[in-house]
Amino acid sequence: MISSINTPDSIRRSDSAPESEPDREYYFIDACRREVSRRSEELGRPLTCCVVTFGCQMNARDSEKLLGVLKEAGYEEISREEEADFVIFNTCTVRENANERVYGRLGQLVHAKKKRPGMIIGLCGCMMQEPSEVETILSRYRHVSLIFGTHNIFKFAELLYRAMAEDRPVVDVWKDTNQIVEALPTARKYPYKSGVNIMFGCNNFCTYCIVPYVRGRERSREPKEILREIEQLAADGVIEVMLLGQNVNSYGKGLDEPVSFADLLREVEKIDGIERIRFMTSHPKDLSDDLIAVMRDSKKICRHLHLPLQSGSTRLLHKMNRHYTKEQYLELAAKIRREIPDIAITTDIIVGFPGETDEDFEDTLDVVRQVRFDSAFTFIYSPRTGTPAARMQQVPREVTQPRFDRLLALVQETAAARCAEGVGREDTALVENIDDHDSALVTGRLGNNEMVHFPGDASLIGKIVPVKLTESRGFYYMGERL
Ligand code: 5AD
Ligand code: SF4
């Protein structure tokens with residue numbers, strides 16, 4: 001199951017690395033720190049690093065863990081990857097274009113590595129779980145020195161040390177794991193908000209999706225570990241947490257003492273200092289009435305539910321292995337809106353799943369019209385090697401592209417209509433940054449995940465402030481501070 005790790009001689013000569021985690025990783029962080037300091041003395045400057053994230057919130061959180069180790073090891077973070085001494089791409093493989101983007105950026109690093117031969121280039125994440133991609137990289141991208149996957153990311157310190165110590169590429173990809181290693185360092189991107197993994201992997205095997213193959217079986221973290229982490233985050237100034245899992249609604253099922261996601265939310269709600277709770281992603285088949293009730297009665301859980309539809313056609317939903325029908329999804333959305341009227345429902349939709357007919361597609365449009373999503377991520381189906389749908393009869397691009405364009409137009413229309421309804425409302429926004437286009441404005445996130453731009457300065461960043469939404473610009477608001 002696990003490819004063997006040959007401990008480098010330099011480590012074996014010193015006192016031996018502990019077997020248990022996380023002690024072992026802290027041992028290697030120390031070893032890395034010594035090596036980083038030796039190299040930076042030689043160069044007469046600090047060593048720099050850059051973590052480049054592709055894909056979802058899970059990857060973004062994983063990248064914070066990578067950066068945590070790198071900073072502990074003495075690297076300084078910089079934003080330009082071509083100037084860094086250590087670069088790591090945390091990859092995504094959910095659709096083919098994610099892979100293409102990784103190869104594009106990797107190609108650009110060839111020159112950078114020629115200019116600075118000491119540069120270490122690493123790749124990790126979902127794409128590395130695919131043996132064919134690893135083969136391609138090893139044969140065509142010789143400037144890569146470190147490859148590992150999703151299951152052994154907790155071993156990053158050890159792998160980093162090996163990449164520094166060895167002359168040949170270090171490749172260590174595990175097929176699976178049931179280990180969850182707690183208490184490793186992280187370097188958060190934002191001081192005031194943080195993702196928190198509550199579970200890893202996915203057991204659903206939707207037929208188009210590669211995630212269960214590259215992220216492994218579903219496993220939940222112990223509630224006490226999650227709550228301890230959130231308490232620490234709160235003590236550290238975090239006011240908003242995003243609970244992360246591929247299917248949060250089935251949280252807790254495999255634990256020795258099973259706990260439901262709704263139960264977990266009730267506990268998170270009690271943590272002082274945490275003012276906003278978000279979560280992602282909910283599978284419609286597992287969304288309980290209890291969860292709706294907890295959301296409805298909560299002061300902290302944001303009025304936002306991301307509820308991937310994927311298709312509005314019952315026939316296709318069955319072929320996708322989604323376990324709900326068009327009518328069930330519509331009923332669920334109506335129930336949620338009934339119970340929590342000010343909620344925003346967002347979704348993911350795939351166009352051109354194998355065998356999709358005009359009628360199937362019309363069903364999808366119909367659901368979009370009926371639910372009136374506040375926003376939707378729309379994707380053209382991308383065949384993923386090893387998934388059942390990749391072996392089904394494909395729909396040609398000439399058919400999928402016009403459908404995609406129609407769907408996008410409809411989604412934008414309904415989102416704009418929903419956004420317009422919010423004008424005049426008084427709400428609160430968590431200020432995230434100075435507006436990109438106008439430095440007299442700040443950008444804040446509303447509870448329902450929409451953005452509002454309003455006059456303010458950097459002192460507001462990280463604070464929740466009352467605002468009035470004065471104008472809709474289609475998918476965001478202009479506003480004023482109250
Ligand atoms: N092709 C297109 N979109 C996909 N997604 C997952 N797999 C595929 C695929 N093979 C979309 C789904 C999922 C989102 C994260 O990515 O809509 O909810
Ligand atoms: Fe993929 Fe389905 Fe699991 Fe989501 S629930 S990660 S779409 S298999």
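## Polar contacts of ligand 1

An oxygen atom of ligand 1 lies 2.6 Å from an N or O atom in the side chain of glutamine 310. The model is a predicted one. Arginine 95 places a polar side-chain atom 2.8 Å from an oxygen atom of the ligand. With tyrosine 208 the backbone takes part: one of its N or O atoms is 3.0 Å from a nitrogen atom of ligand 1. Ligand 1 taken alone exposes 400 Å², and the protein buries 86% of that.

## The surrounding shell

Strand S13 (344-351) and strand S14 (375-380) are the elements that give two or more residues to the shell around ligand 1. Residues around the ligand include Val94, Asp348, Ile350, Phe379, Ile380, Tyr381, Ser382 and Arg384. Sorted by class, the shell has 6 nonpolar, 2 polar and 3 charged residues.

## Positive phi angles

Glutamine 310 is not a glycine, yet its phi is positive, about 70 degrees. Glutamine 310 sits in the loop between strand S12 (304-306) and helix H11 (314-319). Glutamine 310 counts as buried because its relative accessibility is 7%, under the 20% cut-off.

Arginine 372, also not a glycine, has a positive phi of about 55 degrees. Arginine 372 is in the loop between helix H13 (358-371) and S14. At 27% relative accessibility, arginine 372 counts as partly exposed.

## Cis peptide bonds

The bond from glutamate 21 to proline 22 is cis, with omega near 5 degrees. Proline 22 belongs to the loop between helix H1 (9-13) and helix H2 (23-43).

Methionine 280 and threonine 281 are also joined by a cis peptide bond, with omega about 5 degrees. Threonine 281 lies in the loop between strand S11 (276-280) and helix H10 (289-297).

Methods:
Residues numbered from 1 in each chain as written. Chains lettered and ligands numbered in written order. Predicted model: local features only at pLDDT ≥ 70, side-chain atom pairs only at ≥ 80, totals over all residues. Heavy atoms only, no water. Near = heavy atom within 4 Å. Polar contact = N/O pair within 3.5 Å; in protein donor to acceptor, adjacent residues only side chain to side chain. Areas by Shrake-Rupley, 256 points an atom, 1.4 Å probe, with all protein chains shown as cover. Helix = DSSP H or I, 4+ residues; strand = E, 2+ residues; numbered from the N terminus. Nonpolar A, V, L, I, M, F, W, Y, C, P; charged D, E, K, R; others polar. Buried < 20%, exposed > 50% of the residue type's maximum accessible area, 1.4 Å probe, protein only.
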